[in-house]
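Welcome, and thanks for taking a look at this one with me. Below are some short notes to read alongside the structure.

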Amino acid sequence: MIRRILPLVAGLLWASSAFAADYTLLNVSYDPTRELYADFNKAFAAAYQKENGKSVEIKQSHGGSGSQARAVIDGLQADVVTLALAYDIDAIAAKGLVAPDWQKRLSLNASPYTSTIVFLVRKGNPKAIKDWDDLIKPGLQVITPNPKTSGGARWNYLAAWGFAEKKFGSADKAKKFVADLFNNVPVLDTGARGSTVTFVERGVGDVLLAWENEAFLAQREFGKGKFEIVAPPLSILAEPPISVVDKVADKKGTRAVAEAYLKYWYTKEGQEIAARNSYRPRDPEIAKEHEKSFARVELFTIDDVFGGWTKAQKDHFGEGGIFDQIYKN
Amino acid sequence: MSTQTSFVTPEAPLKAYASTAGAAISSLSRREARERPRALASPKDFRTEPGPVRFVIVALAVSFLTIFVVLPLVVVFASALSKGFGAYFAALAEPEALSAIRLTLLVAAISVGLNLLFGVIAAWAIAKFDFPGKTFLVTLIDLPFSVSPVISGLVFVLLFGAQGYWGTWLQAHNVHILFAVPGIALATIFVTFPFVARSLIPLMQEQGTQEEEAAISLGASGLQTFFRVTLPNIKWGLLYGVLLCNARAMGEFGAVSVVSGHIRGETNTMPLLVEILYNEYQFVASFAIASLLAMLALITLVVKTVLEQRLDEGQTPRDDPRDDLRDDPSDH
Amino acid sequence: MNTAVARRTSLPGFGLTMGLTLTWLSIIILIPLAGLFLKTLELSPAQFWEILSSRRTLNALKISFGLSFAAACVNLVMGTIIVWALVRYRFPGRRIFDAIVDIPFALPTAVAGVALTQLFAQKGWLGAPLAELGIKVAFTPIGIFIAMIFIGIPFVVRTVQPVLIDLDPEIEEAAASLGANRWHTVFRVILPSLIPALLTGFALAFARAVGEYGSVIFIAGNLPNVSEIAPLLIVIRLSEFRYADATAIAVVMLLASFVIIFAVNRLQRWAQTRIPAH
């Protein structure tokens, strides 16, 4: 058995190492960016080869944003992290792997592309869902991942909270609203992708709270006829941040490539790739070009409503925080 | 009774085998075994139930197995081929799929190889010698059978993770265990630990030590004795253990998932890739990989059936016609 | 038992093989498991208790153990019926059905997970007709239950099968000749002698279901307090950087495994002391 398998394995392994690149980067990212980074990595590798004559291979790892941060903290050798929210990179920084001022090293809060939270509903919008307060109707089934493990779900939760606080004017009422909303959630997947599969493929639920780009992707994959995107009038500006993991990049000697990789996001080409994959570009010119692809939504930021990620995380998603209280009741 | 093995065997298929081997050893049970069909075939058969009851029982058994076992298997192949053979083979030829297959084979080779070596060593120590605490030792070997795969992965995160007991040292010395092949192999070795040892221990015990002692007294060395005397006796049992060990090693999901890091094209095994592709809306690709694993399971079952026959033949001396005459001449 | 091995043997290699066995066992099993226990010792008893008595942990444990118990019960009954059909009757395809009993054991759990989900989802082959009847399987506790039945069935069948095959026909003959009807013979004579094997199979199916992860998470729905199994909660706690919680739950489940293994061990001994009595 072994004698037969070993040469085979050796052959297969040799075949793979024949393509070794000059540099190899590991980008540890969150769930819905698979297609985005497949596109971006190809473009960057080509651009880098052209400019420096060196080949770069970028390896990807995807998962729930929190789980991915945990893996990096546990020693996953990521040169760069591109996660769903700043708190997860803060958690990595707290262990000394990333410099504390990471978010100031790149412009725009180190978030070269943004997104927001929209609703994906079934064809014809049978439950007539238009705005956040439609989501707490009794009997409606809302699909969202678990805010404890998924970055996207935290944005979902905070978007709902921001809406309610603005509409009803108090934190207590916002808490009641969000509790009612989560009462309507029949399945709580660990990652955004899992929730999309649950809604789209398994046919569970009336509405999916999703990243805008994820909603577009689901529509593309399964045909426009089957699902509709509903953009609520008010939502949150989701800023997925990126950073070099200093400790790893320095040890592996990949800092220069890793920085070039992240900076590529701020070029026209990078911004175009973001727009093409339904992430909102930050470059005004590119944004104008793609204006029609994105719904007009009034966007509030996490700093406006929640006083930043650290506070939001502690108040809402920390041990015994508001989400725990909602779920304990 | 030889039908009961002397040790706990918390692994049903192994147990079934162990009992088969046990039955084959004793001439008593051999005679019993040949009486059985006769009793069943007897015209005034009091050992069966009325026709309708028989029908209901068979119908229940067959429909249960069809719904719970056959259908899931059919679904895998039907989904994998739902877009035709072209899409199916294209999915398997993806570099990511190939790298997952490579990694799975590599990890299986490492873990089966090491478990084979240490399984034989452990079986020798346990089956051929008597010592206090034997039952306890066997229980420890059995433990991974009933430990949740997630826990099997977790323990290695606690040891080798950057925040774990040895993490700082490993990081400082640039040794990567977690999120790399060594971690995946360790977790796989953990979950497949008992297979080889547990399929050999009952077999080697039944065979006793006389043959080996004879070889030693004739001047053979320990290793010679093992390779010339013991190994030929246990080869089918050994293959049986390796087969089951391999099936589990290639299919392990929970433990590997915890320690993998999910680096595309690098630390994703086939079962992990099934999950990843499934989450990427690539259902055909996901089920294509799943179908390879399902085929592995089917091949495992076929080989297992063949091995079980070999084991029976190897253990049961050929039926002696005189036995028949002696047993019940009236039958002939 | 006629397996009596010569206990005083002149064979070489005991020291070497025993040493290697203990070393290997320590590296792979003992040290990692000891690490788990050490980690929980960092918690004070009060903290440990607080983690375990939290509603979510309790519910996850209840779901894992409760549904595993229920699934093992189904497997006990269905397993016995299957063994009976396979051993006592001849019907077309019997040998094939006999062979496929092992599929849940040989099929990787992730494959079983996606296959069962596909089958029982609202659009699936079985999910669609069941949905018409108003029964939802996928993403409900019923889905977990189904997956646990799937993975447990070979354990009951393969434990009971050899015992039923080897059952002394004279017992039945005797019962029949003493005037017992078939019903009595089966329930008063045959089944009681299968009890140790049945309980062993039950315990093995139960143990496997409690720890099961791969085939359950796809179909479970993973709703906290409703359809979240304990192994998944361990994974979630890990993702939340809550190692203490993860290890505390793991230790409880590990202790449960010890208890089950111990129970199986005792059952086997009981079986050995019972059987020769016939």
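1. A definition to begin with: a nonpolar core is a set of buried Ala, Val, Leu, Ile, Met, Phe, Trp, Tyr and Cys residues joined through C-beta atoms within 7 Å. A residue is buried if 20 or more other C-beta atoms lie within 10 Å of its own. Please keep in mind that this is a predicted model.

2. With that in hand, which residues have the most contacts inside the largest nonpolar core? They are V72(A), V245(A), L154(B), I289(B), V111(C) and I234(C), and the core has 291 residues. Its largest share comes from helix α5 of chain B (residues 95-128), which gives 20 residues. Domain 2 (49-80) and domain 3 (87-331) of chain B each supply at least three residues to this core.

3. Leaving aside residues up to four places away in sequence, L154(B) touches V258(B) in its own chain and I234(C), L238(C), A246(C) and A250(C) in chain C. Two of the names from the previous point, L154(B) and I234(C), are therefore in contact, with C-beta atoms within 7 Å.

4. Next, the contact between chains B and C. How many residues does each chain bring? Chain B brings 95 residues and chain C brings 94 residues. On the side of chain B that touches chain C, helix α3 of chain B (residues 51-80) gives the largest share, 17 residues. That side of chain B divides into 59 nonpolar, 23 polar and 13 charged residues.

5. The contact between chains A and C takes 18 residues from chain A and 15 residues from chain C. On the side of chain A, the elements giving two or more residues are α3 (65-73) and α16 (322-328) of chain A. Of these, α3(A) gives the most, with three residues. The residues on this side of chain A are six nonpolar, seven polar and five charged.

6. Chain A also holds an open sheet of four strands, in the order β6-β7-β5-β8, with mixed pairing.

7. Strand β5 of chain A (residues 117-122) deserves a visit of its own. Four bridges join β5(A) to β8(A), and the two run antiparallel; R122(A) stands opposite F227(A) in β8(A). With β7(A), strand β5(A) pairs in the antiparallel sense over five bridges, and V118(A) stands opposite A210(A) there. Is β5(A) mostly covered or mostly open? It is mostly covered, since five of the six residues of β5(A) are buried.

8. Finally, two backbone details. N109(A) is not a glycine, yet has a positive phi of about 60°; N109(A) lies in the loop between α5 (102-105) and β4 (113-114) of chain A. F139(C), also not a glycine, has a positive phi of about 65° and is found in the loop between α7 (127-132) and α8 (141-166) of chain C.

Notes:
Residues numbered from 1 in each chain as written. Chains lettered and ligands numbered in written order. Predicted model: local features only at pLDDT ≥ 70, side-chain atom pairs only at ≥ 80, totals over all residues. Pairing = 2+ DSSP bridges. Nonpolar A, V, L, I, M, F, W, Y, C, P; charged D, E, K, R; others polar. Buried ≥ 20, exposed ≤ 12 C-beta atoms within 10 Å, placed from the backbone. Domains from an automatic or database assignment.
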